[in-house]
Amino acid sequence: MPDDFVAISFADGTARFGRAGETAGIPGVRTIVIDLKNYPVAPLANNTGYPNAYPRPHIDKLLENDRVIVWHYRWFLNDPTPMHFHDKDVVVVYLEDSPLQSTEPNGKAVVNEYKSGDIRFNKRDRIHTELVVRGSASAVITELK
């Protein structure tokens, strides 16, 4: 049985919400389709003292409804995100090569080399800051409600 979905276009980084049975994308345009199962997971209470991951500087809300919040985000060189808490699971679609350093509150850091078109599912209940280490980077981020 088909489910509701979010369709993210690589042509222009736009996102649209679709209902079960609707066409997900435009023929000939590379589109990522996130199938939304009927298993909602409530956000975690944020008792960390850090702000929630979204919204934040350099972010645009593309859409929001009772199932998702979809953001377009751009990282800039030498401009780290605030240390933040992820209260929801997210699906990240990288729109360009994105060398990102993730640093936890304890100082542990790792550089992840994402490529344009990479897709990642990140579970909630994480605290970190992010910093692009070369150039700039962008992604469409879908928070699951």
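A residue is called buried here if its relative accessible area is under 20%, exposed if it is over 50%, and partly exposed in between (1.4 Å probe, protein chains only). The structure is a predicted model, in which local features need pLDDT of at least 70 and side-chain atom pairs count only at pLDDT 80 or more, while totals for chains, interfaces and linings use all residues. Residues are numbered from 1 along each chain as its sequence is written, and side-chain values use heavy atoms, with hydrogens and water left out.

Four strands, in the order β6-β11-β8-β9, make up an open sheet with antiparallel pairing. Strands, like helices, are DSSP runs numbered from the N terminus (E, at least two residues, for strands; H or I, at least four, for helices), and two strands pair if DSSP finds at least two bridges between them. The edge positions are taken by β6 (84-86) and β9 (109-114); each has a single partner strand, so one side of each is left without a neighbour in the sheet. On average, neighbouring strands of this sheet are turned by 40 degrees against each other, direction ignored; the axes are lines fitted to C-alpha atoms, for helices over the stretch in contact, and angles run from 0 to 180 degrees between N-to-C directions. Within the sheet, β8 (residues 98-103) pairs with β9 in the antiparallel sense over six bridges. Opposite Pro-99 stands Glu-113 in β9.

His-128 is found in strand β11 (residues 126-132), and His-86 in strand β6. His-128 counts as buried because its relative accessibility is 5%, and His-86 is likewise buried, with a relative accessible area of 3%. Their side chains are joined by a polar contact of 3.1 Å, that is, a pair of N or O atoms within 3.5 Å; within protein, one must be able to donate a hydrogen and the other to accept it, and residues adjacent in sequence count only if both atoms are side-chain atoms. The side chain of His-128 also makes a polar contact of 2.8 Å with the side chain of Ser-102. Leaving aside residues up to four places away in sequence, His-128 touches Pro-82, Met-83, His-84, His-86, Ser-102, Thr-103 and Glu-104, where contact means heavy atoms within 4.5 Å. With the same exclusion of residues up to four places away, His-86 touches Ala-53, Tyr-54, Arg-124, Asp-125, Arg-126 and His-128.

A nonpolar core is a set of buried Ala, Val, Leu, Ile, Met, Phe, Trp, Tyr and Cys residues joined through side-chain atoms within 4.5 Å. The largest such core has 16 residues, of which Tyr-54, Trp-75, Tyr-94, Leu-100 and Ile-141 touch the most other members. Two or more residues each are given to this core by β5 (68-76), β7 (90-94) and β12 (136-144), and the largest share, four residues, comes from β5. Not counting residues up to four places away in sequence, Tyr-54 touches Ile-59, Trp-71, His-86, Val-90, Ile-141 and Glu-143. Another core of 14 residues lies apart from the largest one, with Ile-8, Leu-36, Val-93 and Val-140 among its members.

Charged pairs complete the picture. With a salt bridge taken as a side-chain nitrogen of Lys or Arg within 4 Å of a carboxyl oxygen of Asp or Glu, the count comes to 13. In one of them, the side chains of Asp-4 and Arg-19 meet at 2.9 Å, N to O. This pair links distant parts of the chain, 15 residues apart: Asp-4 lies in strand β1 (residues 4-9), and Arg-19 in the loop between β2 (15-18) and β3 (31-36). Asp-4 is buried at 12% relative accessible area, whereas Arg-19, at 44%, counts as partly exposed. Arg-16 forms a salt bridge with Glu-22, the closest N and O atoms being 3.7 Å apart; Arg-16 is partly exposed at 34%, and Glu-22 is partly exposed at 42%.

A further salt bridge joins the side chains of Glu-143 and Lys-88 (3.8 Å, N to O). Here too distant parts of the chain are linked, with Glu-143 in strand β12 and Lys-88 in the loop between β6 and β7, 55 residues apart. Glu-143 is buried, with a relative accessible area of 3%, and Lys-88 is buried as well, at 13%. Finally, salt bridges that share partners join Asp-3, Asp-35 and Lys-37 into one network.
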